[in-house]
Amino acid sequence: MPDNNRVFIFDTTLRDGEQSPGATMTREEKIRMARQLETLGVDVIEAGFPAASVGDFESVAAIAQTVTKPVVAALCRALPADIDRGYEAIKSAKRKRIHTFLATSPLHMEHKLGKTPDQVLQMAVAAVKHAVSKGDAEVQFSAEDASRSERDFLAKVCTEVIAAGATIINIPDTVGYAQPGEFADLIRFLLTTVPGADKVTFAVHCHNDLGLGVANTLAALEAGARQAEVTLSGIGERAGNASLEQVVMALNTRPNYYHLDTGIVTEEIFPSCRRLSGIIGQPIPPYAPVIGRNAFAHESGIHQHGVLKDRRTYEIMTAESIGRKGAVVVLGKHSGRHALDAKVKELNYTLNDDELKIVFDAVKDLADRKQNILDEDIEALILEKVLRRPDHFALRHISVHCGNVELAPMAVVQMLVDGKEVRRYASGSGPVDASFNAVCDAVGRKPELEEFHINAITGGTDAQGEVTVRVREGAATSVGRGVHDDVIMASTLAFINALNRLAKKE
């Protein structure tokens with residue numbers, strides 16, 4: 001058994017996190033995130049739900065072949081076919097885990113499963129035994145909706161699955177219903193009631209529906225749980241999951257209170273969250289704890305005076321401790337490829353010579369229009385110019401006319417549509433609307449625009465704009481992202497990116 005002061009970080013960004021609206025990732029994007037999670041130092045990567053789809057199976061299998069240090073976990077329902085499929089996906093992993101789950105609350109057993117408690121108990125035991133029979137994979141069992149389960153029945157299920165061979169027992173607060181005190185009491189009850197509890201690791205998976213995901217996780221760890229299931233930036237179903245960065249930095253900042261530690265490289269926290277933000281096209285909220293841009297900003301005169309005297313007066317951690325550095329200009333129009341290569345490696349990206357040249361040319365082009373080239377600019381260019389998959393639709397040129405005149409805003413676009421040059425023009429209520437209309441005419445599609453967000457990546461009037469859109473066409477939805485120092489261009493690129501994702505789904 002490990003040191004009892006060690007908390008294992010089980011990251012489910014690629015599984016539970018990816019299930020949240022707007023966070024869908026391609027296989028290539030999942031592999032990039034898995035590599036970053038390995039650099040971050042997570043103990044377990046829940047790579048996906050292999051039985052859900054062929055795409056999910058292939059992504060999990062690719063991650064299993066990519067990372068070597070973390071355990072790679074596959075989520076499986078308590079069904080033999082699911083467990084077989086899950087094991088097949090992770091069998092090439094150096095360290096692997098089958099994570100099987102079954103609901104144990106009266107509400108779920110009656111209305112979702114349509115089964116009696118005895119039937120659920122039998123299913124749970126059979127699933128664990130089947131997973132254990134694979135021979136070389138750790139087995140984790142999750143009692144879904146544990147926080148609303150009857151305690152005695154939950155303890156009985158835990159007892160039986162431990163006897164069947166499960167070595168990690170997860171107690172989820174599936175709908176974010178629990179309160180910190182009662183959740184900690186539930187963990188203490190199980191640890192003192194369940195035979196063999198001292199021989200296994202108890203885990204918690206807390207959702208954030210009442211804003212208590214992190215509080216419940218920390219309360220459970222203080223009570224004796226030793227695995228925290230978390231996601232970067234707290235993404236996940238509904239209101240999300242307990243946030244990795246908040247849980248880890250709470251333990252890191254208050255060591256004399258919790259007396260617990262993790263294997264997380266805290267300096268990789270902000271780069272990891274920033275990379276996730278770039279991949280899913282959702283900006284980090286400015287007031288997000290630990291990682292938001294205001295987390296280390298001070299406007300109050302009293303606060304500023306205190307921070308200037310000693311940063312500890314109003315900062316309980318340093319920006320450097322989470323890998324956040326001040327804006328330092330290191331690249332410009334006179335910089336060479338060696339400087340760019342060094343910066344790319346510093347940002348934890350690996351590019352070949354051809355890809356580096358693409359980014360280098362883009363940096364030179366941007367330097368002609370933007371005075372300061374920052375880390376965020378470089379990363380945005382890498383994501384935009386290199387790491388996108390081949391597209392059905394590509395923008396070649398755009399020209400937009402607008403102003404406070406009676407003439408309606410107009411846009412002309414020249415595009416490549418499945419390899420053919422297409423030129424269209426259209427009007428609209430504004431320059432973005434006109435641009436979108438022209439693109440729709442060019443590609444022959446007219447999806448509904450459900451969401452439109454614009455965010456400045458860096459400061460200044462010459463900052464690159466990052467635009468995220470969500471479109472719907474029938475039952476299919478897609479999120480697109482575009483980056484450019486011209487917001488009309490960024491908007492058009494985001495819209496085309498969303499159309500490409502729709503086409504690829506088909």
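1. Start with Thr12. Setting aside neighbours within four places in sequence, Thr12 touches Gly17, Glu46, His205, Val230 and Thr231. The residue lies in the loop that links strand 1 (8-11) to helix 1 (27-40). Thr12 counts as buried because its relative accessible area is 0%, and the cut-off for buried is under 20%. Bear in mind throughout that this model is predicted.

2. Next, strand 5, residues 138-144. How many of its seven residues are buried? Six are, and strand 5 is mostly covered. Strand 5 pairs with strand 4 (residues 96-103) in the parallel sense, over seven bridges.

3. In general, strands of a sheet pair through backbone hydrogen bonds, in a parallel or an antiparallel way.

4. Three strands make an open sheet, in the order 9-10-11, with antiparallel pairing. Strand 9 (393-401) and strand 11 (420-427) are the edge strands, and each of them pairs on one side only. From one strand to the next, the twist averages 15 degrees.

5. Strand 10 covers residues 410-417 and is joined to strand 11 by eight bridges. The two strands run antiparallel. For Val413, the bridge partner in strand 11 is Arg424.

6. Which strands does helix 17 touch? Helix 17 (residues 487-505) touches strand 9 and strand 10. The direction of helix 17 makes about 150 degrees with that of strand 9.

7. Last, the surface. Leu449, Phe452, Ile454 and Val487 make a nonpolar patch of about 320 Å². Which strand gives the largest share of the nonpolar patch? Strand 12 (residues 448-456) does, with three residues.

8. Phe452 counts as partly exposed because its relative accessibility is 34%.

Terms used. Residues are numbered from 1 along each chain as its sequence is written. This is a predicted model: local features need pLDDT of at least 70, side-chain atom pairs count only at pLDDT 80 or more; totals for chains, interfaces and linings use all residues. Side-chain values use heavy atoms; hydrogens and water are left out. Patches are made of residues with over 30% relative accessible area and no salt bridge: like charges are joined within 9 Å, nonpolar side chains (Val, Leu, Ile, Met, Phe, Trp, Tyr) within 5 Å. Accessible areas come from the Shrake-Rupley method with a 1.4 Å probe; for residues, only the protein chains shown count as cover. A salt bridge is a side-chain nitrogen of Lys or Arg within 4 Å of a carboxyl oxygen of Asp or Glu. Helices (H or I, at least four residues) and strands (E, at least two) are DSSP runs, numbered from the N terminus. Buried means under 20% relative accessible area, exposed over 50%, partly exposed in between (1.4 Å probe, protein chains only). Two strands pair if DSSP finds at least two bridges between them. Axes are lines fitted to C-alpha atoms, for helices over the stretch in contact, and angles run from 0 to 180 degrees between N-to-C directions. Contact means heavy atoms within 4.5 Å.
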